[in-house]
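Subject: Handover of a structure and notes on it

Dear colleague,

Please find the structure handed over to you below. I would be grateful if you would look through it alongside the notes that come after.

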Amino acid sequence: MHQLFRLVLGQKDLSRAGDLFSLDDSEIEDSLTEALEQITIISSSSDYQTNNNDQAVVEICITRITTAIRETESIEKHAKALVGLWDSCLEHNLRPFGKDEDTPHAKIASDIMSCILQNYNRPPVMALAIPIAVKFLHRGNK
């Protein structure tokens, strides 16, 4: 994994997370699957729903990852890790706490779903994504 991703995700260092956007997409592209796997671990921790720092780090990293995937057109390479993170969100509360306030896992699910479904024209990606999309539909919440 790229050294900066390792620092930001390993130490959950919000002060350095923005620096990820100064890196070229091609420089971090090989690290994206491992970074997604680390995000899955972080977002599955017992205190994630109440840890604002971890949530902010994850949100910034997901934005950087999905941007790099889009710009490098490497969705097929990272689809399994993306779908894995998306699927892991189903293990957590996705119902809003209050009016128009999504849970942390609902935010992750929304960002990942958007990235995946923008690639509807790529059958290998859709083959992985459709079963998870159906699981989300069966949950019955927005």
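The notes below go from the overall fold to individual helices and residues.

**Overall fold**

Please bear in mind that this is a predicted model. The protein chain contains 8 helices and 0 strands, so that reading along the sequence gives the pattern α-α-α-α-α-α-α-α. Its radius of gyration is 15 Å, close to the 14 Å that the globule rule gives for 142 residues, and the chain is therefore as compact as a globular protein of that length. Along the principal axes, the C-alpha atoms fill a box of roughly 40 × 35 × 20 Å.

Of the 142 residues, 43% count as buried. Among contacts with a separation of 6 or more, 72% are between residues 24 or more positions apart.

**The nonpolar core**

The largest nonpolar core has 43 residues, and Phe5, Trp86 and Ile116 touch the most other members. Two or more residues of this core come from each of helix 1 (3-10), helix 4 (32-43), helix 5 (52-72), helix 6, helix 7 and helix 8.

Leaving aside residues up to four places away in sequence, Trp86 touches Ala109, Ile112, Met113, Ile116, Ala129, Ile132, Ala133 and Phe136. Trp86 is itself one of the buried residues of helix 6, while Ala129, Ile132, Ala133 and Phe136 are among those of helix 8.

**Helix 6**

Helix 6 has 14 residues, and its first and last C-alpha atoms are 19 Å apart, close to the 20 Å expected at 1.5 Å a residue. A bend of about 30 degrees occurs in helix 6 at Ala81, which is also listed among its buried residues.

**Helix 8**

Helix 8 bends by about 35 degrees at Ala129, with a proline, Pro131, following within four residues. Its buried residues are Val125, Met126, Ala129, Ile132, Ala133 and Phe136. They pack against helix 6 (75-88) and helix 7 (104-117).

**Cysteines**

How many disulfides does a search of the whole structure find? The search gives 0. For Cys61, the nearest cysteine sulfur is that of Cys115, 14 Å away, whereas a disulfide requires the two sulfur atoms to be within 2.5 Å. Cys61 is buried, as its relative accessible area is 0%. Cys89 is likewise in no disulfide, the nearest cysteine sulfur being that of Cys115 at 13 Å. With a relative accessibility of 0%, Cys89 also counts as buried.

**Individual residues**

Ile69 lies in helix 5 and counts as buried, because its relative accessibility is 2% and the limit for buried is under 20%. Its contacts, not counting residues up to four places away in sequence, are Leu32, Ser74, Ile75, His78, Leu82 and Cys115. Between Ile69 and Cys89 there are 20 positions in sequence and 20 Å in space, C-alpha to C-alpha.

His2 is placed in the segment before helix 1. Is His2 buried or exposed? Its relative accessible area is 18%, and since buried means under 20%, His2 is buried. Apart from residues up to four places away in sequence, His2 touches Leu23, Glu27, Ile28 and Ser31.

Lys12, in the loop between helix 1 and helix 2 (14-17), has a positive phi of about 50 degrees although it is not a glycine. Lys12 is partly exposed, at 30% relative accessibility. Glu73, in the loop between helix 5 and helix 6, is also a residue other than glycine with a positive phi, near 50 degrees. At 59% relative accessibility, Glu73 counts as exposed.

With kind regards

Definitions and conventions. Residues numbered from 1 in each chain as written. Predicted model: local features only at pLDDT ≥ 70, side-chain atom pairs only at ≥ 80, totals over all residues. Heavy atoms only, no water. Bend = angle between axes of the 7 residues up to and from the residue. Buried < 20%, exposed > 50% of the residue type's maximum accessible area, 1.4 Å probe, protein only. Contact = heavy atoms within 4.5 Å. Core = buried A, V, L, I, M, F, W, Y, C linked by side-chain atoms within 4.5 Å. Rg over C-alpha atoms; globule rule 2.2 N^0.38 Å. Expected span 1.5 Å × (residues − 1).
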